[in-house]
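Q: I am new to this structure and would like to learn how to read it. Could you take me through it one feature at a time?

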Amino acid sequence: MAEVSTSKYEFQAEVKQILDIVVHSLYKDKDIFVREIVSNASDALEKLRHIKLTEKDVFDDNLDLEIEITTDDKANTITIKDFGLGMTEDELIENLGTIAHSGSKAFLEAVKKGQNIDSNLIGQFGVGFYSTFMVAKKVEVFTHYWKNDAKHLRWVSDGSGSYEISEEEGQRRGCKVVIHLKDEDKEFAQPEKIKGILTRYSSFVQFPIKLNGEQVNKVQAIWMRNKNEIKEEEYTEFYKFQANAFDEPRYTLHFSADAPLAINSLLFVPQENTERFGLGRVEPGVSLYCRKVLIDSKPDGLIPDWLRFLKGVVDSDDLPLNISRESMQDTSLIHKLNKAITNRFLKYLEEKAKKETEKYEEFYKMFGVYLKEGIATDFTNREQLAKLIRYESSHTEAGKLTSLTDYVSRMGQDQKEIYYLFGPSRDVIENSPQMEAFKANKLEVLYLLEPVDEFVMNNIGKFDDKDLVSADSSEAKLDDIKKEKDKDGLKSKEAKDLCKWISDELGDRVKEVSISKRLVDSPVIALNADKIMTPSMRKIMKSIHKEIGESKNEINLEINPNHNLIKNLNTLKDSDKDLAKLVVEQLYDNALVAAGFIEDPRSMVNRVYELLERVSTA
Ligand code: ADP
């Protein structure tokens, strides 16, 4: 026999780190490895099924598409064999020697960021194949790629620094993973133990799984079954299987439709929004089936991008079975499916928001950001989405949320517009001069606490035929505040002259200076003369297009003719013009600061010193 050449390779550094964590830090939930290897086997079979649609010349073509597991409690091994597509030598190196798997990468990132390594974390990201080393002192992978002329290969490693690859004749198509158990993990060589693990989640694998020759799963498509016959636990188990998750679904929507398209769908919202961890976008997690046959596990275009947090399955009888993944994106069918599913899901959320408000708000706090993304990017669903967003308002207690629909239901007869105000916190908004008139007129104002929210409001534009208007915009159509006439206040002529004088002093820093009808306690207010380009929008724009962001804020200034400071200023401008000028400058800056329009307040510090100096020597 010819001498078998063996090549020795080092694991990539990141893999070593993962292996180290897997071996030394993950003690709980060792069961995970069974699930990871079975799901790899299932993926490999799925891929082969697709290959067989177009390729005639497949190695070991007569083999059944199934997964065979054998346990040996004498040798202390467990072997998981699939007749899937197998791997070439290069693929062995690429897939089992480096981190190809996005989950593993995210896992490592999370660990580096100092998150606790527990089964929850590994559950969220999965460490795939490497999880075998939780229980193994040695792992062998025997494989033959699906092409006839491929090599018969053996990969082996003890999970420390390196692995070896050699040729070894006699392999069948697919992969055979032989796990040599550590002494303390012998229990995984017991069939009952493995059967217990398999029945829990592998019942949804779409290929037969045989344990020591006996089939342990009923290949079933839970989404095709009648809703009334399915137990909550079955949904949960299917979710865990489908989403590779360890939590319980937050929402489960199981529906079917006949017209205009035949759809059976089972959708889940997870507990956690993993994008929150800053580890990049989640991949779409709704698979496309046609009559129980998987067409694509990550189809493009099946659901809108902003619904990418959804997990589950969509099955449609109307898809041609032989549809290729490439041609799928363009079909109008996918487009129609997308529309039907999105509509149904949004309706479902609306129902939930009505019936279980608190639960919905929890969902909203975690996933609301996606709905906002939808409003900004998806014109067709904007109206529906607008009903689903929630904000605090002057009408709610701190921390409680309200909807646009509820806001409208509370509007008085004379109120024509919906008001909102952006600010860094509820407290800041409530105490801003912008709110004075709204408080005095008892008008509800929505509190926007994230910069993106103004953008969202601009995109919605109108709700229930009512304009959405920022409370700091000059466009807000406010009635005069009804209050007793202040006899000492500036006469109208005086006030007008003062406005003119201030306007001349400030030059092109203001668009207009006028007498305010909305101020109660503050001397001045700065209003936004540009409805769209608000200061927070400008900040967002600046991060995208520097030039756009650097154009100037358009400001209207309003003065309160009844305020002592304004009255004093009116006399000061004739008695001490220089000091009056300083006061105007300072009033202007104060108004900008109060409105959140100033990004760098340092510039006014020197003027404040000057003012203080004048006052202290007066
Ligand atoms: P994941 O399966 O999440 O991508 P793994 O670490 O489990 O991560 O596997 C890495 C890669 O190795 C897989 O993406 C796949 O390409 C390949 N692989 C693993 N198991 C098999 C198998 N049984 N048959 C074919 N390829 C496999």
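A: Gladly, and let us begin with pairing: two strands pair if DSSP finds at least two bridges between them. Helices (H or I, at least four residues) and strands (E, at least two) are DSSP runs, numbered from the N terminus. Here, strand β15 (residues 390–393) is joined to β16 by 2 bridges, and the two run antiparallel. R390 stands opposite S403 in β16.

Q: What should I know about the model before going on?

A: This is a predicted model, in which local features need pLDDT of at least 70 and side-chain atom pairs count only at pLDDT 80 or more, while totals for chains, interfaces and linings use all residues. Residues are numbered from 1 along each chain as its sequence is written, and side-chain values use heavy atoms, with hydrogens and water left out.

Q: How many helices and strands does the protein chain have, and what percentage of its residues count as buried?

A: The protein chain has 21 helices and 23 strands. Buried means under 20% relative accessible area, exposed over 50%, and partly exposed in between (1.4 Å probe, protein chains only). Of the 618 residues, 51% count as buried. As for contacts, the word means heavy atoms within 4.5 Å. Among contacts in the protein chain with a separation of 6 or more, 71% are between residues 24 or more positions apart.

Q: In what order do the strands of the open sheet stand?

A: The general idea is that strands of a sheet pair through backbone hydrogen bonds, either parallel or antiparallel. In this case, the open sheet has 6 strands in the order β16-β15-β18-β17-β20-β19, and its pairing is mixed. At the edges stand β16 (402–403) and β19 (462–463), each with a single partner strand, so one side of each has no neighbour in the sheet.

Q: Which strands pair with β5?

A: Strand β4 (residues 136–144) pairs with β5 in the antiparallel sense over 6 bridges, and β5 pairs with strand β6 (residues 162–167), also antiparallel, over 5 bridges. You can follow this through L153: it is the bridge partner in β5 of T143, and L153 has E167 as its own bridge partner in β6. β5 and β6 form a hairpin with 4 residues between them, and G159 in the turn has a positive phi of about 80°.

Q: Are the faces of β5 buried or exposed?

A: Strand β5 (residues 152–157) is mostly covered, with 6 of its 6 residues buried. H152, R154 and V156 lie on one side, L153, W155 and S157 on the other, and all are buried.

Q: Where is E36, and is it buried or exposed?

A: E36 is found in helix α2. With 5% relative accessibility, E36 counts as buried. E36 and T132 are 96 residues apart in sequence, yet their C-alpha atoms are 8.4 Å apart in space.

Q: At what angle do α9 and α10 cross?

A: Axes are lines fitted to C-alpha atoms, for helices over the stretch in contact, and angles run from 0 to 180 degrees between N-to-C directions. The axes of helix α9 (residues 332–355) and helix α10 (residues 357–377) come within 8 Å and cross at roughly 140°. That makes α9 oblique to α10 (angles under 35 degrees count as roughly parallel, over 145 as roughly antiparallel, 65 to 115 as roughly perpendicular and the rest as oblique). Residues making the contact include L349 and A353 of α9 and Y360, F363 and L371 of α10. By class, this contact has 5 nonpolar, 1 polar and 3 charged residues (Ala, Val, Leu, Ile, Met, Phe, Trp, Tyr, Cys and Pro count as nonpolar, Asp, Glu, Lys and Arg as charged, and the others, Gly among them, as polar).
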